[in-house]
Amino acid sequence: MFHTNICNRKKPVFKDNKIYLICYNPPSIYIDIADNLLNKFLLTGFGFYRFIDEWTIEDNDQECKVRAILLYYGLPLIKHKIPGTKIPNLEDLKNSSNKYIYYIAGMYWLLMNLSNVKPPEIKKLLNLTKKVNRRPIKVKELEGQNLIIYPNMSDLLDFYNLIQRARTINIWDYYNWFIRQL
Amino acid sequence: MNDERLLIGALTLYLGELSKIMGGLNQHYLKLRSYLNSKEIKDEATKELLEEVIISIKTEIDSLKKTYKASKNIYKEFIRNISNTKQDLSKNPH
């Protein structure tokens, strides 16, 4: 079944049993299937399942509700604040006095909380913001919001590389390297 | 090359890398602190999220500092041992 408020019009494309990925790079918004081959790493590697929320989208003049992960310049956002947690969310972003800083803090929070994700995959996540070959849509919850920012992706990658090095650096790697040189 | 000398070589590189990582993380830490101290942030949610991240980065830096200090002491100890051995050998060449 599809959630739609306009019946018997064009065949809706979005299915209840699918999880979608909404790439929100204001002013453009694109949608894709989250568990397809290209995007699956977000669910398996990044554990973005916890960011799945219900969003209202408009496509082909039809309004539907979809279960999706919303990525705001690569930062996953749930719709509402969960009391007692710091999980980045649209409610706090909208109310933030500086959306750029909220985004940066959110990305650092995300990168600090990731484990076993290789730096190239972080690059893939951040590069999702550049891809425009997906299906353009409108998201009701995001309409009329001025959320355009200009994030510095290389800074975020640098931070992730550092934090990963900090957590994995090991004297024996250097020792073994020396032995191999003999 | 004996084990001690290999370890000294490894420790030299290790300490250099630790120092680089600490320096890099410290730059990110200072940038986030400057955001937190700026007057632009008026809402609690952004402040709290920034604070949480800053504390986590500080914890990582502090942990690296401890590792650095302990490794540096080991390094110094090795250097001391080697120079003592050299002195002993020069005193008693046979």
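Contacts between residues 24 or more positions apart account for 65% of those in chain A with a separation of 6 or more; two residues are in contact when their C-beta atoms, placed from the backbone, lie within 7 Å. The model is predicted, with local features needing pLDDT of at least 70 and side-chain atom pairs counting only at pLDDT 80 or more, whereas totals for chains, interfaces and linings use all residues. Residues are numbered from 1 along each chain as its sequence is written, while chains are lettered from A and ligands numbered from 1 in the order in which they are written.

## Chain A

Chain A contains six helices and seven strands. Helices (H or I, at least four residues) and strands (E, at least two) are DSSP runs numbered from the N terminus. Read from the N terminus, the order of elements in chain A is β-β-α-β-β-β-α-α-α-β-β-α-α. The C-alpha trace of chain A spans about 75 × 35 × 30 Å along its principal axes.

Of the 182 residues in chain A, 30% are buried. A residue is buried if 20 or more other C-beta atoms lie within 10 Å of its own, exposed if 12 or fewer do, and partly exposed in between, the C-beta atoms being placed from the backbone. A:Y160, in helix 5 of chain A, is buried because 24 other C-beta atoms lie within 10 Å. Leaving out residues up to four places away in sequence, A:Y160 touches A:L111, A:P119 and A:I122. The C-alpha atoms of A:Y160 and A:G47 are separated by 17 Å, and these residues are 113 apart along the chain. A:S28, by contrast, belongs to strand 2 (residues 28–33) of chain A and counts as exposed because it has 12 C-beta neighbours inside 10 Å. From A:S28 to A:T85 the C-alpha distance is 29 Å, over 57 residues in sequence.

In soluble globular proteins, nonpolar side chains tend to be buried together. The largest nonpolar core here has 61 residues, of which A:L21, A:I22, A:I69, A:L70, A:L71 and A:Y72 touch the most other members. A nonpolar core is a set of buried Ala, Val, Leu, Ile, Met, Phe, Trp, Tyr and Cys residues joined through C-beta atoms within 7 Å. Beyond its neighbours within four places in sequence, A:L71 is in contact with A:L21, A:I22, A:C23, A:Y24, A:P76 and A:L128.

## Contact between the chains

Across the interface, 26 residues of chain A are in contact with 31 residues of chain B. On the chain A side, the elements giving two or more residues are helix 2 (90–95), helix 3, helix 5 (153–168) and helix 6 (171–181). Helix 3 of chain A provides the largest share of that side, seven residues. By class, the side of chain A that touches chain B has 17 nonpolar, five polar and four charged residues. Ala, Val, Leu, Ile, Met, Phe, Trp, Tyr, Cys and Pro count as nonpolar, Asp, Glu, Lys and Arg as charged, and the others, Gly among them, as polar.

## Helix pairs

Axes are lines fitted to C-alpha atoms, for helices over the stretch in contact, and angles run from 0 to 180 degrees between N-to-C directions.

| Helix pair | Axes come within | Crossing angle |
|---|---|---|
| Helix 1 (residues 3–37) of chain B and helix 2 (residues 44–91) of chain B | 9 Å | roughly 160° |
| Helix 3 (residues 99–113) of chain A and helix 2 of chain B | 9 Å | roughly 40° |
| Helix 6 of chain A and helix 1 of chain B | 8 Å | roughly 125° |

Angles under 35 degrees count as roughly parallel, over 145 as roughly antiparallel, 65 to 115 as roughly perpendicular and the rest as oblique. A crossing is left-handed if the near helix is turned anticlockwise from the far one by less than a right angle, and right-handed if clockwise.

With axes crossing at roughly 160°, helix 1 of chain B is therefore roughly antiparallel to helix 2 of chain B. Their crossing is left-handed, and the contact has 25 nonpolar, six polar and eight charged residues.

With axes crossing at roughly 40°, helix 3 of chain A is oblique to helix 2 of chain B, and this crossing is also left-handed. Helix 3 of chain A contributes A:I101, A:Y102, A:A105, A:G106, A:Y108, A:W109 and A:M112, facing B:T46, B:L49, B:L50, B:E52, B:V53 and B:S56 of helix 2 of chain B. These residues divide into nine nonpolar, three polar and one charged.

With axes crossing at roughly 125°, helix 6 of chain A is oblique to helix 1 of chain B, in a right-handed crossing. The contact joins A:I171, A:Y174, A:Y175, A:F178 and A:I179 of helix 6 of chain A to B:L6, B:L7, B:G9, B:A10, B:L11, B:L13 and B:Y14 of helix 1 of chain B. By class, the residues of this contact are 11 nonpolar, one polar and no charged.
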